[in-house]
Each structure stands twice: as structure tokens, then as C-alpha cells.
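Let's take a walk through a protein model together. Have a look at the picture first, and then we'll go through it piece by piece.

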Amino acid sequence: MSRIGKLAIKLGDKTKVNVANQQVNFEGPKGKLSVRLPAKVKVEVKDGQVTVQREDDSREARSLHGLTRTILANAAKGVSTGFERRLDIRGVGFRAEVKGKAIHFSLGYSHPVVFNLPEGVTAEVDKASRTEDSLPTVGLTLRSADKEALGATAVNIRSLRPPEPYKGKGIKYSEERIRRKEGKTGTT
């Protein structure tokens, strides 16, 4: 039995769950999410808890058991409390500004970069501050009820200007550490 799959998912006070066919719908204060279930997995809702069970002990059913439980737990947490991801934009002249459902970046290119946010993801820009190596840093916070959409959005924003290893300029996750390289010394 899967150690993760056999754990029950506890629901928040204001979270509602509806199971119809092979679809599980979550509704809470942060939004609505629906998760499609694989064929070999069943879901039951009892006393404010969601349990995931597999139909048989085939290899496919065993591999989907824990995965389905984790996806459902992420959906339950997302509609009740939501998820947050922080990015740091480091570099002289690097800026970000949220205008409606788009983020306008100035990343050292010859043109501004406009990134359209997907449905359900919101962004907020913090004011610039200086770091230990005197590079200005702008904080960008992304929030969403859908963990998968939030992660994909963060990856796409980071790919606009990945951090470089010499000065650390670019867009990075706030908890990410950049392995720094030493530049040319200029001596022979």
C-alpha cells in the first residue's frame, strides 16, 4: 500500500468537494478547481475527509495511487489557502510593473517584454532594494489556487532572463542559490 496514497486529505472549513464520474470538483474561498481521475483510482468523501483507493494491485494502479492523492491534496489546499511563489529580478535597470493581466518587464533588452498572466494567477511587485553585491533587486510575488499553473508561470517568467553565473543578474526564485563563477583575472 502506498504510504502517501493511504493518507486521508483533511478539508478546510469552507471547502466543498463534489465527486462526479471521474471528476473531483473543489470549491473554496480562493476559487474552484477540478481534477480528472485516472481510470484505476476511486475517491470517497466522508466526514470532511477525502480518501483515495485503487481498484487493484496492478503496477499502473499502484503508481497512480500516491500521485492522485497528492494532486487532490494540492487542489484542496489551493482552494482553501492558495499557493505563492516569489521571484527576484536582479540587475541595474531591471524592472517589472503589473498592468491588468500582464507584467511589463525591462530586462536589459532593446525592447520591453510583456508577459500575459494565465487565468487564475495574480502578480504583485515589491519595491526595489539593494543586495550585498549592490545589485538592485525587485521582488515579484505570484499567487494562485492552482499549484501546477503557478509553477508553470514561474518557470516561464524565469526563462525570460535566466540568472547568469558571473554577477547573478537575471530572474531567479527567491530561495534559489546561483553558483557563481570567477571572471577573468587579467594577469598572465
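Into which domains is the protein divided? There's domain 1, running over residues 9–81, and domain 2, running over 83–173. Keep in mind that what you're looking at is a predicted model.

The UniProt record has something to say here too. An unreviewed entry carries the annotation "domain: Large ribosomal subunit protein uL6 alpha-beta", and it covers residues 12–82 and 91–173. Let's zoom in on residues 12–82: the chain there is 31% helix and 41% strand.

Now, how do the two domains meet? Their centres, taken over C-alpha atoms, are separated by 32 Å. Where they touch, 7 residues of domain 1 are in contact with 4 residues of domain 2. Together the two domains bury about 420 Å² between them, and 68% of that is on carbon and sulfur atoms. On the domain 1 side, L33, N74 and G78 supply 70% of the area buried against domain 2, more than any other three residues.

What about charged and polar links across this boundary? Helix α1, residues 59–80, gives the most to the side of domain 1 that touches domain 2, with 4 residues. The residues on that side split into 2 nonpolar, 3 polar and 2 charged.

Last stop: G82. You'll find G82 in the loop between α1 and β7, where β7 spans 83–90. Leaving out residues up to four places away in sequence, G82 touches K30, K77, S144 and A145. Compare that with R95: G82 and R95 are 13 residues apart in sequence, and their C-alpha atoms are 26 Å apart in space.

Note on methods. Residues are numbered from 1 along each chain as its sequence is written. This is a predicted model: local features need pLDDT of at least 70, side-chain atom pairs count only at pLDDT 80 or more; totals for chains, interfaces and linings use all residues. Side-chain values use heavy atoms; hydrogens and water are left out. UniProt positions are given in the numbering used here, feature names are shortened, and annotations may be inferred rather than shown by experiment. Helices (H or I, at least four residues) and strands (E, at least two) are DSSP runs, numbered from the N terminus. Domain bounds come from an automatic or database domain assignment. Contact means heavy atoms within 4.5 Å. Buried area is the accessible area (1.4 Å probe) that two parts lose on being put together, summed over both. Ala, Val, Leu, Ile, Met, Phe, Trp, Tyr, Cys and Pro count as nonpolar, Asp, Glu, Lys and Arg as charged, and the others, Gly among them, as polar.
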